[in-house]
Amino acid sequence: MKTDDFQQLFSLPRTAFFHEMEQYADLHHVPIMRLEGMDTLLHLLQLQNAQTVFEVGAAIGYSALRMAAANPKRTITTIERDADRYETANQFIAKSEHAQQISLFHADALEMDLSEFPEQSFDALFIDAAKGQYQLFFDRYAPLVKSGGVIYSDNIFLNGLTQVPIEQVPRRKRTMVRKLHLFAEHLRTNPDYDSQFYPIGDGLLVSIKR
């Protein structure tokens with residue numbers, strides 16, 4: 001049996017609502033987490049028993065809603081800078097059965113007043129926003145993660161660009177690629193975190209806070 005076939009066997013079922021969101025994202029060119037990466041994230045959150053999650057980068061609310069749907073006791077605080085995506089996320093969340101589990105904010109994650117969040121400590125942090133700012137997001141929000149909590153950083157592959165020599169990367173994306181390399185190396189060598197990289201989806205870096 002091929003690897004893709006095995007992945008399909010273990011893929012989590014999705015409702016028509018989530019298929020609608022996936023179609024919207026595809027039609028409007030909104031990047032959402034790849035299905036195999038999403039399945040892995042949900043499984044790890046379940047193993048961790050994460051009840052409170054902070055997400056940097058809501059986009060249209062897809063990941064937040066998938067995390068909420070996977071555990072009715074889980075609450076998600078999420079933030080989105082782009083006005084159009086924020087409004088779309090609001091609409092999808094309002095249509096869902098999980099609106100009470102999600103707190104969505106429209107702001108720049110590097111500027112928002114942290115005291116506005118309903119929770120001040122979290123079991124997990126999920127970073128899925130501007131790739132060149134991952135280190136800044138980490139530095140700002142990692143202190144909100146409880147000891148023993150987990151930080152999940154998606155898109156470390158950056159659609160394969162971090163896996164090739166820098167000379168093969170388009171010039172406009174080289175700075176972003178270099179920053180992702182430095183971010184991954186920072187976590188690999190950081191004694192305060194136990195980090196493991198999962199080559200699934202677009203690359204998921206998982207860091208347990210000691």
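The exercises below, each with a worked solution, concern a predicted model.

**Exercise 1. Determine which side of helix H2 is buried, and what that side packs against.**

Solution. Begin with the extent of the helix. H2 runs over residues 16-27 and has 12 residues. From its first C-alpha to its last it reaches 16 Å, close to the 16 Å expected at 1.5 Å a residue.

Next, list the buried positions: Phe17, Phe18, Met21, Glu22 and Ala25. These residues cover an arc of only 140° around the axis, which places them on the same side of H2. On the other side of the helix, Ala16, Gln23, Asp26 and Leu27 are exposed.

Finally, identify the partners. Just after H2, His29 takes a positive phi of about 55°.

**Exercise 2. Describe helix H3 by its length, its buried residues and the residue just after it.**

Solution. H3 has 14 residues. Its reach from first C-alpha to last is 20 Å, close to the 20 Å expected at 1.5 Å a residue.

The buried residues in H3 include Gly37, Met38, Asp39 and Thr40. Leu41, Leu42, Leu44 and Leu45 are buried as well. Just after the helix, Asn49 has a positive phi of about 60°.

**Exercise 3. State how many residues the largest nonpolar core has, and which elements give two or more residues to it.**

Solution. As background, nonpolar side chains in soluble globular proteins tend to be buried together.

In this model the largest nonpolar core has 34 residues. Those with the most contacts inside it are Met21, Leu41, Leu45, Leu65, Met67 and Tyr152. Helices H2, H3, H4 and H5 each give two or more residues to this core, as do strands E3 (102-106), E4 (122-127), E5 (145-153) and E7 (204-209).

Met67 may then be followed in detail. Not counting residues up to four places away in sequence, Met67 touches Met38, Leu41, Leu42, Leu45, Val53, Glu55, Arg74, Ile76 and Phe126.

A second, separate core has 30 residues, among them Phe117, Phe137, Leu161 and Leu205.

**Exercise 4. Decide whether Arg66 is buried or exposed, and find its contacts.**

Solution. Arg66 lies in helix H4. The cut-off for buried is under 20% relative accessible area. Arg66 has a relative accessibility of 4%, and therefore counts as buried.

Consider next its side chain, which is joined to that of Tyr62 by a polar contact of 2.8 Å. Leaving aside neighbours within four places in sequence, Arg66 is in contact with Leu12, Arg14, Phe18, Glu22, Leu35, Met38, Asp39 and Leu42.

**Exercise 5. Classify the aromatic pairs Phe105 with Phe117 and Phe138 with Phe183.**

Solution. A pair of aromatic rings is described by the distance of the centres and the angle of the planes. Planes over 60 degrees apart count as edge-to-face. The count for this model comes to 13 aromatic pairs.

For Phe105 and Phe117, the ring centres are 5.3 Å apart and the planes stand at 75°, so the pair is edge-to-face. Phe105 lies in strand E3 and Phe117 in the loop between E3 and E4, so the pair ties together parts that are 12 residues apart in sequence. Both Phe105 and Phe117 are buried.

For Phe138 and Phe183, the values are 6.0 Å centre to centre and 70° between the planes, and this pair is also edge-to-face. Phe138 lies in helix H6 (residues 134-141) and Phe183 in helix H7 (residues 171-189), so the pair ties together parts that are 45 residues apart in sequence. Phe138 is buried at a relative accessible area of 3%, and Phe183 is buried at 1%.

Ring pairs also link Phe17, Phe18, Tyr24, Tyr62 and Phe92 into a cluster.

**Exercise 6. Locate Gly57 and give its contacts.**

Solution. Gly57 is in the loop between strand E1 (52-56) and H4. Its relative accessible area is 12%, so Gly57 is buried. Leaving aside neighbours within four places in sequence, Gly57 is in contact with Thr78, Ile79, Glu80, Asp128 and Ala129.

Key: Residues numbered from 1 in each chain as written. Predicted model: local features only at pLDDT ≥ 70, side-chain atom pairs only at ≥ 80, totals over all residues. Heavy atoms only, no water. Helix = DSSP H or I, 4+ residues; strand = E, 2+ residues; numbered from the N terminus. Expected span 1.5 Å × (residues − 1). Buried < 20%, exposed > 50% of the residue type's maximum accessible area, 1.4 Å probe, protein only. Arc of directions from axis to C-beta. Contact = heavy atoms within 4.5 Å. Core = buried A, V, L, I, M, F, W, Y, C linked by side-chain atoms within 4.5 Å. Polar contact = N/O pair within 3.5 Å; in protein donor to acceptor, adjacent residues only side chain to side chain. Phe/Tyr/Trp six-rings, centres within 6.5 Å; stacked < 30°, edge-to-face > 60°.
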